[in-house]
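Thanks for coming, everyone. Please look at the screen.

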Amino acid sequence: MRRRSLRSIGTLLPIVAVLSCGRRSAGAPPLFRLLSQAQTGVTFANTITTSDSVNVQTNVYLYNGAGVAVGDIDNDGLPDIFFAGNMVSSRLYLNKGNMRFEDITQSAGVMTNRWATGVTMVDINNDGYLDIYVSVSGPPWSKPEERANLLFVNNGDHTFTEAAARYGIADTGFTTHAVFFDYNGDGYLDLFLLNDSPKDFVRTGHPAGIRSTSLGGSNRLYRNNGDGTFTDVSGEAGILKDVGYGLGVAVADLNGDGRPDIYVSNDVEPNDVLYVNNGDGTFTNKAAAWLKHASFAGMGVDIADFNNDGRPDILQVDMMPQALAERKRMSGFLTQGSIAELRSQGFRVDYSVNSLQLNNGVTQAGDLVFSDVARLAGVAYTNWSWSALFGDFDNDGYKDIFITNGYPKAVTDLDYQRAMFRASRTGEGGVSRRRQWEVLRQLRAYKASNYVFRNEGDLTFTDRTKEWGMDQPSFSYGAAYADLNNDGKLDLVVNNTDGPAFIYENVQPKDDAHHYLRITLQGESPNPRGIGSTLIVTAGGQKQYLYHSPYRGYMSTMDDRAHFGLGRVTRVDSLEVTWPDGRYQLLTGLDVDRMVTLRQGDAVQKRGATNLRTRSPLRALPWQWETSTATVWMMSSSAVRQESQAGCSSSGRTAASSNPPRVNPGRPTRTTKIGEPCSSMPTGTVSRTCMWRAAAIRSHLARVCCKTVSISTGETAGS
């Protein structure tokens, strides 16, 4: 190759200087600092205890790890931390400020003695306090009652009450993680459960052809009834009954129609599922049509717009090493024969590498087009990975990537599998088992550091693991980002197996090149956190898009305050928020390096827009009627809801409860859907004045249609 002249090299120097402006130099201090247990007070470790009867051979999910949730449980402005524990109790840490935490697990009443996996924070009863939903799994021999999921309802005084059964969500499947979202547009947060049954899992060979419909392995959708209970509507909503080895789930509006869609990352079988929301209470799996391929052994997943084009992209991790020699030792199962078997069973052929699905937009037919650019972007190979998170860790205006890593036993190593096969043939019964246990005991680990990649703004990422201070080998699983000390920079919390949890403080110095904006959403009941809102920040000629859902990565929940890095921008041109009900807010000329609080009550209906809740027909609306002095009753097939009217007298309420109508005043000539004009009202006779109202099954959504009519005096109870 021809060598450059000194003159040409000199010409390049000023260009390099310009390109490096605002970026960390090679000699800069690390972006993150790993804090010790003594500094933070966090001593949690997800320790796994093994024996010759309890190990990764008898329980293939022994080392699947656990998650972490970060959220402000006491509304003091400091995000707190909940770690899920498998064989150890989960722990709750109260943020005391300055990166110090206090373990309040026992006094708070959140000790666990089940195989806790994912952890989800949500205000389930709309009282202004975050509650904690804990997903539970277990070994193949575990009993259903040992796998009942837990719901710790926040009492508002640093204590919690377990109430999953009362709410109807003490599911007894093998749950990996749970996400709350409003799938049917009624305002209430529903629940999707990602399940992963170990009973049918095959680690060697390929389980193609397994079409089990075991309830423990199929995912579930629970509809929020609006009365403190949930109903399993998986079948009617189109949730697949096939067993799925689900390890990752994320919710986003992928096609921009205003409705939340679901991406399910499956480990080996079946292919990933992309549930597109049809807007009528059902979903359709569009993975085969929209994805050319995905990760074969899919783990954690995140959805965010990493290239600032306004379209959400999908990041999914797998378990392929960077080193070629290591790849050869663990990828021999994907042969021409196994690929043919996959195709014969109707599966799409996927590849055992990470996927970065770039969203190219919607076709005229309404389909999305994704391109997997993981290799081009430089993020395809990250070893045995678990969590995948987008986040702007250096506040430059582009979302970076954090990936957790590691596995305590290299069970996919082909040399190990051959050794186990030989051990199984060298003796009978107990002799064979002892030799297999010895082979397993001596097996090496996949212990590696986590990864952090810097977004270069040109569809590529650069590995900054060592430069940013992340090069500590570990067995890391669930992870969450949050600004733990409110200094405007995203810190990281990681749940490790067989080692203490990581608390990484972001120590990037304050300067003029790394500004930020943080946003708190205050929604209206029954969705006080505004989950499902979309935010667009325009600054410095760039637009950043965010779909507000804190459930990301692997088994974990992020702090629900939205964070935008801004780089050198010193003023935000505009902040747009579209709330889940379609109302809209626009703020302009915002200062940077601050917290902005937005209230849904201040929003207005977007001009020319359709209320997102009215885009699809709902079921026929029942009618209700009320007296001016009595209690209102709303009748439906799922619930009877009682509300007191202002100024009701006790005698009126008593009359309403004790005197059923002697004459049914009849039905309206037609029912209404939300947004339609009021229909004609039925009429009655003589002395009592009443009003009729059209009401949806979730009553607050309907247009109020009232008309004064007369009915007989005795009709003071709802028909």
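Let me begin with a question: is Asn 126 buried, partly exposed or exposed? Keep in mind that this is a predicted model. The answer is partly exposed, with a relative accessible area of 28%. Find Asn 126 in the loop between β6 and β7. Its backbone deserves a look. Asn 126 is not a glycine, yet its phi is positive, about 60 degrees. Most residues other than glycine have a negative phi.

Now go to Met 99. Here too phi is positive, about 65 degrees, and the residue is not a glycine. Met 99 sits in the loop between β4 (91-97) and β5 (100-103). Is Met 99 buried or exposed? Met 99 is buried, at a relative accessible area of 5%.

One more backbone feature. The peptide bond from Ser 525 to Pro 526 is cis, and its omega is near 10 degrees. Most peptide bonds are trans. Pro 526 belongs to the loop between β31 and β32 (534-539). Strand β31 covers residues 515-522, and Gln 522 is in that strand. Gln 522 is partly exposed, with 35% relative accessibility. In sequence, Gln 522 and Gly 601 are 79 residues apart. In space, their C-alpha atoms are 8.6 Å apart.

Next, charges. Side chains of opposite charge can pair when their charged atoms come close. How many salt bridges does the structure hold? There are 27. I will show three.

Take Arg 418 and Asp 415. Their side chains form a salt bridge, 2.3 Å from N to O. Both residues are in helix α10 (residues 414-424), three residues apart, so about one helical turn separates them. Arg 418 is partly exposed, at 46% relative accessibility. Asp 415 is partly exposed as well, at 37%.

Second, Arg 464 and Glu 467. This salt bridge has an N to O distance of 3.0 Å. Glu 467 is partly exposed, with a relative accessible area of 24%.

Third, Asp 591 and Arg 571, which meet at 2.6 Å, N to O. This pair links distant parts of the chain, 20 residues apart. Asp 591 lies in strand β38 (residues 583-591), and Arg 571 in strand β37 (residues 571-578). Asp 591 has a relative accessible area of 42%, which makes it partly exposed. Arg 571 is partly exposed too, at 43%.

Some salt bridges share partners. One network built that way joins Glu 326, Arg 329, Asp 413, Asp 415, Arg 418 and Arg 444.

Now the empty spaces. Rolling a probe the size of a water molecule over the atoms shows where empty space is left. How many cavities of 30 Å³ or more does the structure hold? Seven.

The largest cavity has a volume of about 310 Å³. Its lining has 28 residues, and closest to the centre are Phe 390, Tyr 481, Leu 546, Arg 552 and His 563. Four strands each supply at least two lining residues: β18 (301-304), β22 (385-391), β33 (542-547) and β36 (562-567). By class, the lining has 14 nonpolar, six polar and eight charged residues. Where does the largest cavity lie? Domain 1 (32-409 + 445-506) and domain 2 (515-605) both give residues to the lining, so the cavity lies between them.

On to the second largest cavity. Its volume is about 110 Å³. Of its 15 lining residues, Tyr 61, Asn 64, Trp 115, Thr 117 and Ser 137 lie nearest the centre. The elements that give two or more residues to this lining are β6 (115-122) and β10 (175-181). The lining divides into six nonpolar, eight polar and one charged.

Look at those two strands in turn. Eight of the eight residues of β6 are buried, so β6 is largely enclosed by the rest of the structure. Strand β6 runs antiparallel to β7 (residues 131-137), and six bridges join them. Across that pairing, Met 121 stands opposite Ile 132.

Strand β10 has seven of its seven residues buried, so β10 too is largely enclosed by the rest of the structure. Its antiparallel partner is β11 (residues 190-195), joined by six bridges. There, Val 179 stands opposite Phe 192.

That is the tour. Questions, please.

Methods. Residues numbered from 1 in each chain as written. Predicted model: local features only at pLDDT ≥ 70, side-chain atom pairs only at ≥ 80, totals over all residues. Heavy atoms only, no water. Salt bridge = Lys/Arg side-chain N within 4 Å of Asp/Glu carboxyl O. Buried < 20%, exposed > 50% of the residue type's maximum accessible area, 1.4 Å probe, protein only. 1 Å grid on protein atoms, 1.4 Å probe; cavity = no way out; pocket = protein on both sides within 12 Å on 5 of 7 lines; lining within 4 Å. Points joined across faces, edges and corners; volume = space filled by probe spheres on them. Nonpolar A, V, L, I, M, F, W, Y, C, P; charged D, E, K, R; others polar. Domains from an automatic or database assignment. Pairing = 2+ DSSP bridges.
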